[in-house]
Amino acid sequence: MSTPAGLLERMVEQRVSLRLKDSRELAGRLLGLDDHMNLVLDDVEETTAEGSRRLGRVLVRGSNVISLTASAGLPPKRN
Amino acid sequence: MSTPAGLLERMVEQRVSLRLKDSRELAGRLLGLDDHMNLVLDDVEETTAEGSRRLGRVLVRGSNVISLTASAGLPPKRN
Amino acid sequence: MSTPAGLLERMVEQRVSLRLKDSRELAGRLLGLDDHMNLVLDDVEETTAEGSRRLGRVLVRGSNVISLTASAGLPPKRN
Amino acid sequence: MSTPAGLLERMVEQRVSLRLKDSRELAGRLLGLDDHMNLVLDDVEETTAEGSRRLGRVLVRGSNVISLTASAGLPPKRN
Amino acid sequence: MSTPAGLLERMVEQRVSLRLKDSRELAGRLLGLDDHMNLVLDDVEETTAEGSRRLGRVLVRGSNVISLTASAGLPPKRN
Amino acid sequence: MSTPAGLLERMVEQRVSLRLKDSRELAGRLLGLDDHMNLVLDDVEETTAEGSRRLGRVLVRGSNVISLTASAGLPPKRN
Amino acid sequence: MSTPAGLLERMVEQRVSLRLKDSRELAGRLLGLDDHMNLVLDDVEETTAEGSRRLGRVLVRGSNVISLTASAGLPPKRN
């Protein structure tokens, strides 16, 4: 079984896409996170219905996250 | 009685459909979950009013889940 | 006094109707539940403003439940 | 002082009207309740902007309740 | 400093106006309350965009309260 | 570092403006508060899209507060 | 790994931009914060769909924060 916490840990340093409750999407490199699923992303590009803009480093409050997608292949699971 | 936790456990490795609060539907193979009903899905297809797209591996925050449906027959309950 | 927990317990194996916060209604046989009012239903029919569809077995997160109605007479209360 | 818990206890077996967050109103006889203000009502009539319908016995999750009104005079407070 | 709890205690038996999250306003005599700010009001008049109606005795779940206003002068603070 | 709790304490007896989730703004003198950020304001003026009105003394439930602004200069920080 | 708490600590005294759930954006110097992500900002400029205005010192309740962006380069991480 692949746990949510285990997946998040392997996503650190990878590029991810976030879907937020206010319907924004943020894509960036995941730098870190905590138990509330608060996330730190770098090189962020924000996409809304109006278009895209670059935001740099962003802290996202976990309670606003709907889902998180690995933008590319993940490194193999360590055993 | 079939408990929610027992059903979720038997759903691992099966294909499931999720209904989310933002009215998206995600269909994919359930890889794992935790006590907050955070879910890891693979081979995800997202369906919205606008259409469908493939998302790969997705982590969904449990608080956004409305309901979860087994896409096909479940394996028999182990006793 | 008839407690909510006692009513739920007697509803197991009965057909019930659920009203959800996203204004869907689900009707099915209640297979099980837990303390968060997460519910497992079988033979589910979903009704929305657009119509009905069959969903099979469904797990509903309790936080999305508004109300639950016994579709038919309940078995007598055990003393 | 009349506490909310004391009022609820005296309302058992009385007819009450509930206002819910989805703007439905439910009127029925209060059969029971618990500490989360989950309520069991009998002989329920549901009223929405579209009209009324009878629902029988209903369990309402407390988190959806806005307010609760005694439909008629309450029995005197016991001292 | 005048604490919220102290103000609420002095408001008992006074007429108050409540603003609720569903944009209703309730005016009535405050009979009692608890730690969740659940409130019991008597002689309640409800005002919405559509008009007013009398509701008698009402229990309001605290989580729906936005603000509470003293309709008239409060009795002096006891020291 | 200036903590939120420290700032709130220094704001007591000062005029403040509150932004609430229902998009109302309340301006008044802050009389007191508690750990839930429930606030007591006096001489309150409420401003909405429709206009302004005076409300006197108001208790605001903290969960409805978005932000709080010092209307004027604050007294110096005590060390 | 760069934790959310660590990033917030390094952001103190820096200019940051906040995105709030009511779709306002606040830009200002971060003076302080607490464990609920309640934030104190100074020299705040608020931007909405209608335009901008200066607000001075503002306390923001953490539960309204969606994301927080460093307006400029951050000081190097201390080891």
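**Entry 1: a salt bridge in chain B, and its counterpart in D**

I started with Arg54(B), which is exposed at a relative accessible area of 60%. Its side chain meets that of Glu45(B) in a salt bridge, 3.9 Å from N to O. Glu45(B) counts as partly exposed, at 33% relative accessibility. One caution for myself: this is a predicted model.

Next I looked up chain D. Glu45(D) and Arg54(D) join their side chains in a salt bridge there, with 3.9 Å from N to O. Arg54(D) is exposed, with a relative accessible area of 59%, and Glu45(D) is partly exposed at 31%.

Arg29(F) sits in strand S2 of chain F and Glu13(F) in the loop between H1 and S1, so the pair ties together parts that are 16 residues apart in sequence. Both partners count as partly exposed: Arg29(F) at 25% relative accessibility, Glu13(F) at 43%.

I also found one network of salt bridges that share partners; it joins Arg19(A), Glu25(A), Asp22(B), Arg24(B), Glu46(B) and Arg53(B). My search of the whole structure gave 71 salt bridges over all chains.

**Entry 2: helix H1 of chain E**

Which residues of H1(E) are buried? I get Pro4(E), Leu7(E), Leu8(E), Arg10(E) and Met11(E), in a helix that covers residues 4–11. Looking down the axis, I see them fall within an arc of 165°, so they line one face of H1(E). The face turned away from that buried side carries the exposed residues Ala5(E) and Glu9(E).

I then asked what the buried residues pack against. In chain E, they pack against strands S1, S2 and S5, and in chain F against strands S2, S3 and S4. Just after the helix, Glu13(E) takes a positive phi of about 80°.

**Entry 3: where G meets A**

Chains G and A bury about 1600 Å² between them, 57% of it on carbon and sulfur atoms. On the G side, Met1(G), Pro4(G) and Ile66(G) lose the most area to chain A, together 32% of what that side buries. The contact takes 21 residues from chain G and 19 from chain A.

I counted two salt bridges between these chains. Glu25(G) forms a salt bridge with Arg53(A), the closest N and O atoms being 2.8 Å apart. There are also nine residue pairs in polar contact between G and A.

S5(G) gives the most to the G side, with six residues. I sorted that side into ten nonpolar, seven polar and four charged residues.

Key
Residues are numbered from 1 along each chain as its sequence is written. Chains are lettered from A and ligands numbered from 1 in the order in which they are written. This is a predicted model: local features need pLDDT of at least 70, side-chain atom pairs count only at pLDDT 80 or more; totals for chains, interfaces and linings use all residues. Side-chain values use heavy atoms; hydrogens and water are left out. Buried means under 20% relative accessible area, exposed over 50%, partly exposed in between (1.4 Å probe, protein chains only). Helices (H or I, at least four residues) and strands (E, at least two) are DSSP runs, numbered from the N terminus. The arc is that of the directions from the helix axis to the C-beta atoms. Contact means heavy atoms within 4.5 Å. Buried area is the accessible area (1.4 Å probe) that two parts lose on being put together, summed over both. A salt bridge is a side-chain nitrogen of Lys or Arg within 4 Å of a carboxyl oxygen of Asp or Glu. A polar contact is a pair of N or O atoms within 3.5 Å; within protein, one must be able to donate a hydrogen and the other to accept it, and residues adjacent in sequence count only if both atoms are side-chain atoms. Ala, Val, Leu, Ile, Met, Phe, Trp, Tyr, Cys and Pro count as nonpolar, Asp, Glu, Lys and Arg as charged, and the others, Gly among them, as polar.
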